[in-house]
Each structure stands twice: as structure tokens, then as C-alpha cells.
Amino acid sequence: MKFSRVKALVIKELLAVLRDKKSRMVLIMPPLMQLTIFAFAATMEVKNIELAVLDKDGGKAAVELVQRFNGSPSFTRVFPLSSQGEVAPTLEGEKAMAVLVIDEDFSRDVAAGRPAKAHILLDGRRSNAAQIVQGYAQSIVQQYNTDLAARAQQVGPPATLVARNWFNPNLEYLWFTVPNLIGMLSMVVGLIVTALSVAREREMGTFDQLLVSPISPQEILAGKTIPAMILGFLESLLITSVAVFLFHIPCVGSLWSLFVSLLLFLFSVVGFGLFISSLCNTQQQAILGTFTFMMPATLLSGFATPIESMPRFLQIVSLANPMRHFLVAVRGIMLKGMPFFTVLGIVWPLAVIAVVTLTLANWLFRRGLE
Amino acid sequence: MSAALVEARELAFRYAPGAALALEGVTADIRPGRVTGLVGPDGAGKTTYIRLLAGLLDASSGSVSVLGLDPAAQSDALHERIGYMPQKFGLYEDLSVAENMRLFAEVRGLPAAERTATFDRLLHFTGLAPFTKRLAGRLSGGMKQKLGLACAMIRRPELLLLDEPSVGVDPISRRELWRMVRALADEGIGVLWSTSYLDEAEGCDEVLLLSAGRLLFSGLPAEMTGRVTGRVVQVRGVSGNRRSVLRRALGQPGVMDGVIQGRHVRLVLASDAPPPDVEAIRAGPEAVVVPVPPRFEDAFLDILGGGPGGVSPLAEHMENKPHSEGSVVEARGLTKRFGDFTAAQDIDFAIRQGEIFGLLGPNGAGKSTTFKMMCGLLKPTAGQALVDGLVLGKSKGAARSRIGYMAQKFSLYGTLSVRQNLEFFSGVYGLEGARRWNAVEGMIETFALSPHLSASADTLPLGFKQRLALACAVMHEPPVLFLDEPTSGVDPITRREFWTHINGMVERGVTVMVTTHFMDEAEYCDRIGLVYRGRVIAIGSPDDLKEKVRSEVLPEPTLEDAFVGLVEADDQAGDSERRKEAA
């Protein structure tokens with residue numbers, strides 16, 4: 001491997017991307033847009049819930065419970081129903097996400113210290129949201145119970161303080177989503193830059209030009225890997241800064257741990273990108289290949305669904321997914337301040353993945369000459 | 001004379017406000033029952049003109065009517081009545097021949113009852129009947145164009161617009177395409193045939209010559225060639241190096257243009273200029289100057305004010321390559337099999353130092369496969385490709401650093417500037433420090449690139465692109481040059497300039513291998529290897545090949561005649577062999 005040749009390749013690659021206004025824009029704008037959109041769209045929280053209340057009791061305890069729902073920021077509109085007959089049309093017409101039905105004996109039971117019943121009827125068509133709303137409602141009722149118990153015995157902490165933490169999970173979700181997005185968006189950039197650049201050269205005929213020059217396949221690989229790493233790294237720094245300064249995600253861990261994990265992560269991603277590109281002849285194929293890889297990689301990363309709840313077989317497959325390892329590390333570093341050696345313990349498989357994919361890509365590049 | 005199908009008046013078009021005019025003040029008619037050639041180099045405005053006629057673009061100024069309709073406003077009505085064959089993407093490569101035709105029949109609304117008859121007629125007409133099940137993507141270049149023509153003909157159009165149908169098509173398929181188009185014109189269809197091959201202009205009934213967006217000439221081809229009648233001569237019986245003779249001839253006053261034609265040198269003289277003195281150009285004691293009939297290209301160069309002169313500043317600055325006996329490039333039993341298909345079989349040839357060797361052959365005959373094996377882009381199944389005595393497979397880096405490579409598409413990095421391209425390629429070839437700087441600066445000076453240094457390669461005019469591509473290929477001063485259709489589509493002046501450089505380098509001892517479909521380009525070769533059905537069927541100088549097909553019917557065969565004749569002879573020999581085997 002000759003340094004000056006690799007250097008020429010790296011400079012060429014960076015210039016090819018950065019001199020083109022369109023590809024410059026593609027590298028900067030979409031990731032920032034995606035970050036903003038995903039950060040808010042991918043939240044697990046349900047907001048602006050409309051709740052209908054059928055209060056058959058009308059007593060003091062029932063009114064207090066309704067007031068608690070009214071006071072919760074998640075339930076933006078709480079409106080009364082006057083008869084049982086209105087319940088079904090309200091849910092059917094999606095006028096409310098849920099209906100709270102309070103039985104006639106509610107206040108009496110509460111006063112007597114007997115178990116009191118209130119029902120919540122949920123719109124099961126929106127199953128995910130329904131579960132979350134149920135969780136909110138449950139916790140409101142639970143808090144109400146705790147308060148009642150405390151009032152009866154005249155002990156315990158002030159109820160309001162505990163309730164507020166329960167009812168504002170917003171921040172916590174953003175904290176979970178945004179670090180994951182750092183991984184996801186850096187992966188897109190790393191993949192696109194590598195997968196497309198080789199395919200573009202094949203389409204333009206410049207790849208043949210490279211192959212008839214004294215450059216070796218290893219030098220070409222290095223010349224593709226290094227610029228993609230540089231661009232991907234800058235991109236992740238940009239996204240991380242936006243995460244920290246705009247979304248106020250804390251970064252309590254050391255920057256060094258973050259950089260080391262990022263570099264290892266990008267290395268493995270670039271390996272996949274080059275592997276994909278060595279299989280593709282056109283940019284169209286390369287884009288398809290990239291997305292074919294992206295979808296399962298995102299699903300098997302633990303971003304949307306916990307890996308522990310996947311079948312054993314998929315859990316093993318997910319070990320080959322760079323995102324899976326990196327997401328654990330980036331969350332650990334940013335949110336928990338994970339120590340460097342623990343981070344290394346998590347990210348070392350990335351190096352293995354990179355070596356395997358780069359070796360395969362190298363082998364396929366050579367095979368292309370047969 | 002029947003009414004014109006197309007009437008264009010002062011037609012102009014620009015792609016963006018403020019951009020240069022792609023087409024300027026074109027006034028021309030196209031008549032039924034005639035083949036009208038739309039002739040000009042790449043970037044002259046041919047495609048723009050055709051797209052304006054087809055209603056795919058809206059004229060910036062001026063007017064055009066096609067079949068009495070306004071193409072932009074009444075495009076739907078127009079599309080019912082014309083056939084249009086775009087340069088590429090005309091076919092669906094993943095569909096078979098029959099499926100493509102069915103699709104076009106559907107799209108063009110051919111009534112179901114007429115389909116079978118139409119398909120039969122077109123398949124018979126194009127000779128594609130045996131290949132209906134083959135995927136369009138697996139057809140040869142010539143067959144693709146025939147299928148494209150068939151698809152454009154599905155609704156028997158009144159006007160047929162063909163955008164460069166002969167690009168990438170070998171001479172044999174080209175002749176067949178011409179025969180078809182002739183037959184269509186005889187049926188009364190108006191055909192517009194666009195081409196960058198100037199020799200095709202001579203076969204047209206009428207010619208529209210475009211150059212840089214302007215109509216330089218419209219009328220009969222004979223009118224065009226008439227302007228240089230009596231001013232075109234051939235220097236025959238040249239002894240010694242005909243490339244040096246050409247260079248010296250171009251330096252003579254009164255010589256406007258010159259090319260090499262086999263062992264002769266062809267010259268165009270300025271009006272009233274005397275023929276050059278054979279002594280002055282040192283053509284040898286037996287040299288004679290003979291007047292020859294003019295060609296369309298001679299007249300085109302005359303309009304443009306003559307060729308670029310014969311001196312290559314590139315070769316001037318080059319040192320003589322050390323002399324080597326024996327062959328510099330050699331193919332030894334090169335064989336390539338893809339599965340059970342043999343693309344090249346036992347290819348043998350040897351190229352001496354300072355020789356230009358041409359690889360010619362029909363599409364799909366194994367020419368590209370052979371070329372790729374010689375460059376090391378493809379690994380031979382058996383045999384060896386040697387450059388400077390080194391086997392390409394084994395000593396890759398060392399052998400490759402001796403090669404300069406230039407492909408048809410000018411493999412440049414489009415978003416990189418001229419200087420960045422030069423610096424990149426000098427880096428790739430391992431030039432460092434002062435050597436690198438000298439090489440880059442030297443190329444900028446030799447090819448006069450300094451006004452464009454910071455422009456992106458994509459935005460360069462074609463001529464400069466060609467110069468830059470050549471500069472990138474020869475910056476490391478390779479003793480061997482591999483050229484893959486190097487001047488396809490470029491204007492004749494750029495092509496002459498390119499060959500002046502090549503000739504100059506060859507005089508310095510550089511060895512050249514070139515593939516081409518362009519018979520003009522093949523005339524520059526010292527020797528030609530004709531590849532057909534995976535084998536070399538003939539090898540020799542252009543004149544040797546012409547000699548092989550000379551007959552009473554063809555007393556003065558052109559190189560194209562030789563090409564077609566030799567391939568057909570091989571077909572017949574192959575047939576009789578097969579009959580013998582069968583017997």
C-alpha cells in the first residue's frame with residue numbers, strides 16, 4: 001500500500017462530495033430534518049388525549065377524581081357525558097380516546113373505606129395509544145388512592161410532587177430517542193457515501209480507469225473507507241451537537257469514549273457499505289441495497305422494540321448489527337456516563353464486524369476482475 | 001415537391017434563462033419520403049432539435065410546426081402520428097423482444113386485431129424474428145437499435161425521429177439499419193436520422209448540418225461536398241513514415257486539413273492553393289499527388305476554416321522512448337469463457353513498438369472482451385496478456401504503471417475541477433513532489449487548459465474534456481496507450497487534434513492499441529485485427545484488408561467494405577464448415 005496513492009484517492013473522494021452543491025446539501029439538511037422529525041414523531045408518549053366522563057355518582061370523591069384527570073397535562077380535554085347511551089357513539093366517532101365511567105356507589109364506597117369502582121373504556125382500535133392512556137389513567141387513580149390513604153392516616157409525603165414526575169414523561173422519551181438517532185443517522189451517511197460512490201464510479205466508467213492504474217484493490221478500499229469515515233464522523237458530531245445544544249440531551253460521559261465508539265461504529269458501517277457496493281453495478285441497486293440493509297438493522301437495533309423480547313434466533317442475528325452495539329454504548333455514555341472500559345466491552349464486536357465486512361468487500365472487489 | 005412535414009422557422013432554445021442558446025435560429029424543413037440527416041458532433045444541438053419536434057421541449061423563440069401541428073401545444077395529437085426513438089432508455093432491458101413490442105403496442109394504442117400482423121411484419125423487417133424471447137438487455141448494440149426502430153414503427157408513423165440510431169453499432173448492423181430506413185422512406189415516411197458520423201451524411205437525401213447550435217448548412221449532401229471539389233488530394237506511394245509526412249504536409253501553406261488513410265495521406269487544400277510539393281513534405285521518391293472525390297467531412301472542415309495543424313505540443317515535450325526490439329504488447333492464446341459461452345478464443349497478436357494497432361469487430365464478437373483482457377480489466381480463462389514483457393495478471397502494479405488508458409466516456413471526475421482531476425491522476429500513478437508538479441503544469445501548458453483550471457470537468461466543452469482525458473491518461477508518460485473508442489461523438493476538429501497527439505507520441509516510440517467502430521479512426525492504424533465470433537479472422541494493415549475484398553464489383557473498396565466483406569466471408573466459411581461436419 002502506497003501512502004501517496006491512498007492520499008490522492010481520499011482527497012478526490014472528499015472533493016467529489018463536497019464540491020457538488022447537491023451532495024453537500026444531502027449530507028447536511030436531511031439528517032437535521034430527520035433528527036427533528038424523528039425526535040418528536042418517534043416518541044412513545046401520547047399527548048392531547050380527549051377524555052369523556054360519565055359520572056353516575058356525582059359525589060365529592062368522584063368529582064375529585066375527575067378533577068385529577070382534568071389537571072393532568074396529558075388529558076387536554078375532559079368533557080362530561082349525560083347518559084350511558086352516549087358512551088358507545090363517543091368512542092366510535094373518535095370524539096374521545098377513552099371514557100371514564102364512575103359507578104353510582106363510588107363516593108359512598110370511598111367514604112366507607114370499601115373498594116370503589118371506576119371503569120375506563122378505551123378505543124381499542126388505537127391499541128398502542130390505548131395501552132399508554134390506560135397506564136396514565138391507572139397512575140392517576142393510584143395516586144388518588146395513595147392520597148386517600150395518606151389523608152386517612154394523616155401521614156406520607158405530599159402527593160403532588162410524586163404525581164408530576166409520573167405525568168411528564170416527555171423528557172425521558174426524548175432522552176431515549178435522540179441518542180438512538182445519532183446512531184441511525186450516522187449509519188445512513190456512512191452507508192450512502194460508500195455504497196453510492198463505488199456504484200457511481202462504475203456508472204461513469206472511472207472505476208475501470210482506477211482498475212487499470214497501478215492502484216491495488218486494498219488501496220481503493222482504503223481510499224473509500226477513510227473519506228467515508230471522515231464525513232460520517234463530522235456528520236455524527238453535527239448531530240450530537242444538535243442533540244446536546246438544541247434538544248438539551250445531557251452528555252455526562254467522556255467525549256473520548258463517545259469518539260472511540262463512533263469511529264468503531266462508522267468503521268463497521270463503512271464495511272457494510274463497501275460490501276453492498278461491491279455487489280452493485282448501478283447507483284439504483286446500491287440505494288436498494290442500502291435500504292434492504294437499513295430496515296432490518298433499525299428493527300434489530302433495540303431502538304423501537306426491545307431485543308430481549310425477540311425470538312432467540314433473531315437475537316443471535318442482531319449480534320451482527322453494528323447499531324445494536326453502538327446504541328447501547330451511546331446511551332450509556334451520554335445518559336449514564338458509562339466508564340471507558342465498560343464502553344470498550346460493549347463496542348469491541350464492531351471491530352470484528354468491520355474486519356469481516358471489509359475482508360469480504362476486498363475479496364469481492366478482486367472477484368469483480370475475473 | 002410534396003408539402004413539408006416539419007417547418008421550423010428561426011427556432012431557438014435555451015435550457016435555462018441566461019444559459020447559452022442550445023439551438024439558435026434554425027430554419028429548416030423535413031419532407032416526406034426522404035431521409036433527412038441531422039448531422040453534427042455531440043453537443044451541437046441535435047437532441048434538442050429532435051425533442052423540440054417531438055413536443056418534449058417548448059421552443060424559447062421562433063416557431064415550428066410538425067405535421068401541421070404545434071408540437072408543444074398539441075403533443076398528444078402529434079404523438080399519435082410520429083415515431084420517436086430516443087438515444088437510450090428506449091427499451092426495457094428486462095423485458096423480452098416480444099414483450100417490449102407488446103408494451104409499445106399497448107402504449108401507442110395499436111388495436112389488438114392488428115397486433116399479430118404488425119409484429120410479424122416488423123420482426124421480419126428487422127430480422128429479429130428468431131430472437132423474440134431474448135431479453136432486450138442481452139441483445140447486441142445493433143439488434144437493440146433494430147428493436148428500438150421496430151417499437152418506434154408500431155403505429156406506422158408519418159414522421160420518424162431517430163436520435164443517433166447508429167451509436168455503438170458496428171458497420172454491418174449500420175448498413176442493415178440504413179437499408180431499413182431507406183425502405184421506410186420509399187414507403188413515403190419522412191425520416192430524420194441524427195448522427196455524429198459525418199460519413200453517414202453522404203447517404204442522406206438531405207442534410208441539416210448543426211454545429212454549436214447553429215445550422216451551418218441545409219440541402220443536398222452533394223451541394224455540400226461540391227464546395228471542395230478539386231481541392232481534395234491523396235498523397236500516394238509514400239515511403240517512410242506517413243505520420244511524419246502528414247505532419248509536414250499540414251505545416252505547408254495552403255493545406256487546410258489532412259488525415260491518414262491507410263498508407264496514403266489525404267489532404268484538403270485551400271481554394272486556389274497548388275498541391276503540395278512531395279519533395280517538401282519528404283514523401284519519398286515514388287510519391288504522387290492524386291485528386292480524389294471529396295467527402296462530406298472535408299467540406300465540413302472547410303466551412304469551419306480547416307483542421308488544427310499537425311504539430312503536437314504534447315509529443316514535442318516528450319522524450320523518445322527507449323527503443324525495444326520485439327513486441328511491446330502481446331496476446332498469447334487469450335481465451336475467455338463465460339459459462340459455456342466462449343467470448344474469445346485463442347486470440348494471438350503482437351504489437352511492435354511505435355505501432356498503432358486497431359481492434360475492430362462487430363458488436364458482441366469478442367472485441368471488447370479482448371480489449372479488457374489486454375488492459376487487465378478481465379482475467380483470461382486461458383492465455384496471457386503481456387505489456388512490456390510483463391504478464392498483466394501477475395505483476396499488476398508494475399505492468400499497469402506502463403499503461404495509459406482512455407475510454408470513450410472520458411472517465412473523468414465530473415465534480416472535480418480540471419486541476420483536481422490532473423492532481424488526482426498524477427497521484428494515482430504515484431507521481432510525487434517535483435515530478436508531480438512538473439507533470440501537472442506540463443499538461444496544463446501543453447493542452448492550453450489554464451483558462452478552465454477551476455471549472456468542473458462536467459462543465460467543460462467537449463473538446464476540452466477530450467484534452468483533459470488524454471492529459472490524465474498520458475501524464476505518467478506511459479510507453480503503451482490503450483484507447484477504447486476514444487473519439488466517438490466528438491467533432492472532426494477535436495478528433496484531428498487528438499490523432500495529431502497520438503501520431504506525435506507514436507513517432508516518439510509510444511505503442512497504441514485502439515478499438516473503434518469509426519472507420520476513419522481505423523485508417524490511422526498501422527495494423528488492424530478483425531475480431532469476429534471470438535477469433536481474429538484477419539490481421540493486417542488497412543490496405544491489406546481492403547486488398548482482400550478487392551474485386552471487379554468493388555475496385556476501390558473502403559475499409560468499411562473490407563470489414564463487411566471479411567465478416568460475411570467468415571460467415572460463409574463457417575456455414576460450409578458446419579455443413580461438412582454435418583455431412
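**Note on the two-chain model**

1. Chain A has a radius of gyration of 28 Å, whereas a compact globule of 370 residues would have one near 21 Å. The model is a predicted one. The C-alpha trace of chain A spans about 90 × 45 × 40 Å along its principal axes.

2. The secondary structure of chain A consists of 15 helices and 4 strands. Of its 370 residues, 39% count as buried.

3. The axes of helix 2 (residues 21–41) and helix 10 (residues 217–245) of chain A come within 11 Å and cross at roughly 40 degrees. The crossing of helix 2 of chain A with helix 10 of chain A is right-handed. On the side of helix 2 of chain A, the residues that meet helix 10 are A:Leu27, A:Pro31, A:Leu32 and A:Leu35; their counterparts in helix 10 of chain A are A:Leu231, A:Glu235, A:Ile239 and A:Val242. By class, this contact comprises 7 nonpolar, no polar and 1 charged residues.

4. The contact between the chains involves 23 residues from chain A and 23 residues from chain B. On the chain B side, the elements that give two or more residues are helix 13 (396–400), strand 19 (403–407) and helix 14 (418–428). Helix 14 of chain B provides the largest share of that side, with 4 residues. The chain B side divides into 10 nonpolar, 9 polar and 4 charged residues.

5. Helix 14 of chain B is largely enclosed by the rest of the structure, because 10 of its 11 residues are buried. Among the buried residues of helix 14 of chain B are B:Leu422, B:Phe424, B:Phe425 and B:Val428, and also B:Gln420, B:Asn421 and B:Glu423. The buried residues of this helix pack against helix 1 (3–18) of chain A, and against helix 15 (433–446) and helix 16 (462–474) of chain B. Just after helix 14 of chain B, B:Gly430 takes a positive phi of about 70 degrees.

6. The largest nonpolar core has 252 residues, and those with the most contacts inside it are B:Leu161, B:Val191, B:Leu468 and B:Val512. Helix 8 (residues 170–204) of chain A supplies the largest share of this core, 14 residues. Neighbours within four places in sequence aside, B:Leu161 is in contact with B:Ile50, B:Leu53, B:Ala54, B:Ile82, B:Gly83, B:Tyr84, B:Met85 and B:Leu192. A second, separate core has 25 residues, including A:Val53, A:Val101, A:Ala116 and A:Val133.

7. A:His248 has phi near 55 degrees and lies in the loop between helix 10 and helix 11 (255–279) of chain A. Is A:His248 buried or exposed? A:His248 counts as exposed, because it has 11 C-beta neighbours inside 10 Å and the cut-off for exposure is 12 or fewer.

8. The other such residue is B:Leu67, with phi near 50 degrees. B:Leu67 sits in the loop between strand 4 (61–66) and helix 2 (75–81) of chain B. B:Leu67 has 21 C-beta neighbours inside 10 Å and therefore counts as buried, the cut-off being 20 or more.

Key. Residues numbered from 1 in each chain as written. Chains lettered and ligands numbered in written order. Predicted model: local features only at pLDDT ≥ 70, side-chain atom pairs only at ≥ 80, totals over all residues. Rg over C-alpha atoms; globule rule 2.2 N^0.38 Å. Contact = placed C-beta atoms within 7 Å. Nonpolar A, V, L, I, M, F, W, Y, C, P; charged D, E, K, R; others polar. Axes fitted to C-alpha atoms, helices over the stretch in contact; angles between N-to-C directions. Left-handed = near helix turned anticlockwise from the far one by under 90°. Core = buried A, V, L, I, M, F, W, Y, C linked by C-beta atoms within 7 Å.
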